[in-house]
Amino acid sequence: MNIIEDRERRTAWFSKDRFGMFIHWGLYAIPGRGEWVQRDEQINQDKYAEYFDEWNPTHYDPVKWAKMAKQAGMKYAILTTKHHEGFCLFDSAYTDYKSTNTKCGRDLVREFVDAFRAEGLKVGFYYSLLDWHHPDYPAYGDMYHGDRNNKALMGKTHNFENYLTYLHNQVRELMTNYGKIDILWFDFSYKGHMGEDWHGTELVKLVKSLQPDIIMNGRLEANGENYGSVMTDEPNVFSGDFASPEMIIPPAGLQTPSGMDVPWEACFTLNNNWGYAPNDKQHKNPRQIIKKLVECVSKNGNMLLNVSPTAKGDIPQWQQDVLGTVGNWIRDNGDSIYGCGRSEFPKPEWGRYTQNGNKLYAHIMEESIGAVALPGLKGRIEKARRLSDGFEMVTMTPWVAKEFPDCEFINYGLPEYFSFTTDEEIDTVIEITLKEEG
């Protein structure tokens with residue numbers, strides 16, 4: 001079995017489940033100015049250590065988080081086990097900079113894994129390749145480090161090989177100590193720290209020897225600006241199994257030069273920060289999330305939607321509210337998401353299509369005036385039902401539509417069937433059972 005065949009086997013579930021939860025959580029939740037606060041404000045290690053001394057998320061209830069994710073229609077979840085700041089949410093034997101050494105005294109990853117598995121959700125680990133706390137990770141002059149301009153560190157030598165041993169040892173712990181892990185989400189590579197700079201081949205072999213069915217993103221050799229060799233017809237060993245577009249949906253999905261589909265997952269924040277940032281009021285609403293989830297699926301992609309817990313361990317109420325509304329829509333319309341992908345028909349002007357076999361899902365996102373035209377479907381419709389309640393959609397050709405012989409039409413003269421008054425109704429989904437051609 002070659003790399004691409006093996007990738008298709010391991011990503012089969014991923015390309016069916018379509019919707020996951022990202023959880024960015026770490027010491028940066030205390031200052032509440034985003035997950036890059038140490039870098040952005042150039043906070044030195046002594047100052048940043050004050051957050052370690054404070055860390056005590058007494059409200060952390062991963063069972064509640066897991067139930068929330070499941071109710072929202074998510075099928076998997078990925079937790080930041082260690083972000084760029086270097087603080088570990090797990091009980092690593094290779095550092096003292098971990099949750100079990102704080103007032104909290106808990107292995108937060110262990111509790112996450114147990115809770116989400118109990119709800120039937122797949123579990124994934126985010127692990128940053130960067131580490132602004134480790135003494136052998138280059139600081140002065142680095143592109144991103146909080147101490148990159150700290151002249152007191154100028155000329156300090158770093159044993160990067162020692163850091164790589166640390167990195168590999170921690171990945172081994174994560175792949176060994178928590179049972180079956182479904183996704184490993186590395187973040188991220190940049191100039192001088194890319195691919196084999198991380199001993200990438202060795203690292204991938206380590207992961208696959210411990211978790212043979214795991215899937216990995218491509219950021220061992222990419223940083224989000226590009227997707228690396230996963231986009232080629234001959235991906236390398238550390239290309240990953242899927243691309244990770246960040247805060248963008250590819251205009252036409254992702255394909256290799258030969259036209260082969262590449263699995264991908266677009267990750268999004270609910271405001272403009274990954275980490276907790278209460279002053280960031282640029283909140284996305286349920287309508288945006290539903291429409292963008294459908295767009296991802298219509299282009300053969302997934303959506304990974306981020307939540308940003310507080311320092312005490314609460315997912316903000318406004319984020320819970322968004323997830324609740326999205327979940328209500330998915331409860332009624334999930335068949336148009338799970339197991340679906342790009343349609344054989346072009347994008348319609350009133351919304352989008354998703355498709356699963358002979359089931360075509362018309363996502364009608366604009367209110368109708370008169371008939372809803374279905375180009376290219378003349379003679380192809382066996383039956384049409386509103387997905388949320390099974391209500392029959394009448395297909396017919398109205399007398400004013402004789403000039404459009406390739407179109408089928410739905411419910412001419414009854415625009416109230418497609419009115420949008422609540423977030424749940426932003427996308428009325430019609431399940432169309434297609435006749436076989438010929």
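Predicted model: local features only at pLDDT ≥ 70, side-chain atom pairs only at ≥ 80, totals over all residues.
Which residues line the largest cavity?

Residues are numbered from 1 along each chain as its sequence is written, and side-chain values use heavy atoms, with hydrogens and water left out.

Let me begin with the open sheet of seven strands, whose order is 5-4-3-2-1-7-6 with parallel pairing. Helices (H or I, at least four residues) and strands (E, at least two) are DSSP runs numbered from the N terminus, and two strands pair if DSSP finds at least two bridges between them. Strand 5 (215–216) and strand 6 (264–268) are at the edges with a single partner strand each, so one side of each has no neighbour in the sheet. Strand 1 (residues 19–23) and strand 2 (residues 76–82) run parallel and are joined by four bridges. Within strand 2, Tyr-76 stands opposite Gly-20. Helix 6 (residues 108–118) packs on this sheet, touching strand 1, strand 2 and strand 3 (122–128); contact means heavy atoms within 4.5 Å. The direction of helix 6 makes about 155° with that of strand 3, where axes are lines fitted to C-alpha atoms, for helices over the stretch in contact, and angles run from 0 to 180 degrees between N-to-C directions.

The other open sheet that I shall describe has three strands in the order 10-13-12, with antiparallel pairing. Its edge strands, strand 10 (372–375) and strand 12 (395–396), each pair on one side only. Two bridges join strand 12 to strand 13 (residues 407–410), and Thr-395 has Ile-410 as its bridge partner in strand 13.

I now return to the opening question. The lining of the largest cavity consists of Gly-218, Arg-219, Ala-222, Asn-223, Gly-224, Asn-226, Tyr-227, Phe-242, Ala-243 and Ser-244. A cavity here is a set of points, on a 1 Å grid over the protein atoms alone, where a 1.4 Å probe fits but cannot get out; lining residues have an atom within 4 Å of a point. About 40 Å³ of space lies in this cavity, the volume being the space filled by probe spheres set on the points, which are joined across faces, edges and corners.

The ring centres of Phe-14 and Phe-242 are 4.8 Å apart and their planes lie at 35°, so the pair is tilted. Rings of Phe, Tyr and Trp (its six-membered ring) pair if their centres lie within 6.5 Å; planes under 30 degrees apart count as stacked, over 60 as edge-to-face and the rest as tilted.

Note on methods. 1 Å grid on protein atoms, 1.4 Å probe; cavity = no way out; pocket = protein on both sides within 12 Å on 5 of 7 lines; lining within 4 Å.
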